[in-house]
Amino acid sequence: MQKSRKRKQPELNPLPQSRTKPGRATVCLNKPTNDPYPTHPRPTPEECRAVRDDLLVLHGFPQEFAKYRRQRPTSPDDETHGFPKPEPLDGDALEESVLDGLVKTVLSQNTTEVNSQRAFDSLKSAFPTWEDVLSAESKCIENAIRCGGLAPTKASCIKNILSCLLEKKGKLCLEYLRDLSVDEIKAELSQFKGIGPKTVACVLMFHLQQDDFPVDTHVFEIAKAIGWVPALADRNKTYLHLNKKIPNELKFDLNCLLYTHGKLCHRCTKRVAKQQRKESHDSSCPLLNYCKNS
């Protein structure tokens, strides 16, 4: 098994490996969007639930997302399916603010989960408050987060978020987003330079407990492989289509499980070198049954 990696975030522009390519249509986040593939029937709600259940049996619920799962509303079949219980455990960090979550998401781009967390801890150690970060020299911020990679770009993005937030709201706080609708949250967050659809979706799902379905590389490749989107679909249109098709109550669990499966399954990802696939579930991949229908 390759080392566990946190979801890659693609919206810090410009980046050498940015997923936002010149000429590619971008998703407008400040207005409701329609399904780009209205005649594509999959995935059905029944198929989404079946895939969720199959992957849950195969992998169990991913521990790296358990603390976020505990913060979400529960359903009657949670205990039956073995989902994390809602009571917070040590280390769940329920006091984490929305602004903390946004900065963590920015820092998680193109790096491992370990390095991302180390960069965030280093930043908070050097600058205990967000006011301290805003007043610090950019070079000092870069030095604090250097272990997470892309320090100049990420430092600039964080500094811009804080300065714009102070200018517009008069304080460095994003808790007001909790009282807004999903579309309103998307409009608010998309105003920050360097914050794009994937980052917004992750903040919605992980830090605001909203029903959204981020599409990272693993989810994108699996969605195409099993025919949930047309073969020529791009990532942005896949995001729009899946958010229309997948029932809200399944989005969080299905997203976490597809991401985890994409990391572990040889057949479901094309980006992992063979020598890194030391442990794989490909011989018993339950998604092969869905590929036949694609």
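Of the 294 residues of the protein, 52% count as buried in this predicted model. The accessible surface of the protein amounts to about 14,100 Å², and carbon and sulfur atoms supply 51% of that area. The secondary structure consists of 14 helices and zero strands, so that, as DSSP runs numbered from the N terminus, the elements read along the sequence as α-α-α-α-α-α-α-α-α-α-α-α-α-α. Among contacts between residues at least 6 apart in sequence, 71% join residues at least 24 apart.

Helix α4, which spans residues 98–107, is largely enclosed by the rest of the structure, because 10 of its 10 residues are buried. When residues up to four places away in sequence are not counted, Glu-142 touches Ala-151, Pro-152 and Ala-155.

The cysteines Cys-173 and Cys-265 were also examined for accessibility. Cys-173, at 24% relative accessibility, counts as partly exposed, whereas Cys-265, at 1%, counts as buried. A disulfide is a covalent bond between the sulfur atoms of two cysteines, and the structure holds zero disulfides.

Definitions and conventions: Residues are numbered from 1 along each chain as its sequence is written. This is a predicted model: local features need pLDDT of at least 70, side-chain atom pairs count only at pLDDT 80 or more; totals for chains, interfaces and linings use all residues. Side-chain values use heavy atoms; hydrogens and water are left out. Contact means heavy atoms within 4.5 Å. A disulfide is a pair of cysteine sulfur atoms within 2.5 Å. Buried means under 20% relative accessible area, exposed over 50%, partly exposed in between (1.4 Å probe, protein chains only). Helices (H or I, at least four residues) and strands (E, at least two) are DSSP runs, numbered from the N terminus. Accessible areas come from the Shrake-Rupley method with a 1.4 Å probe; for residues, only the protein chains shown count as cover.
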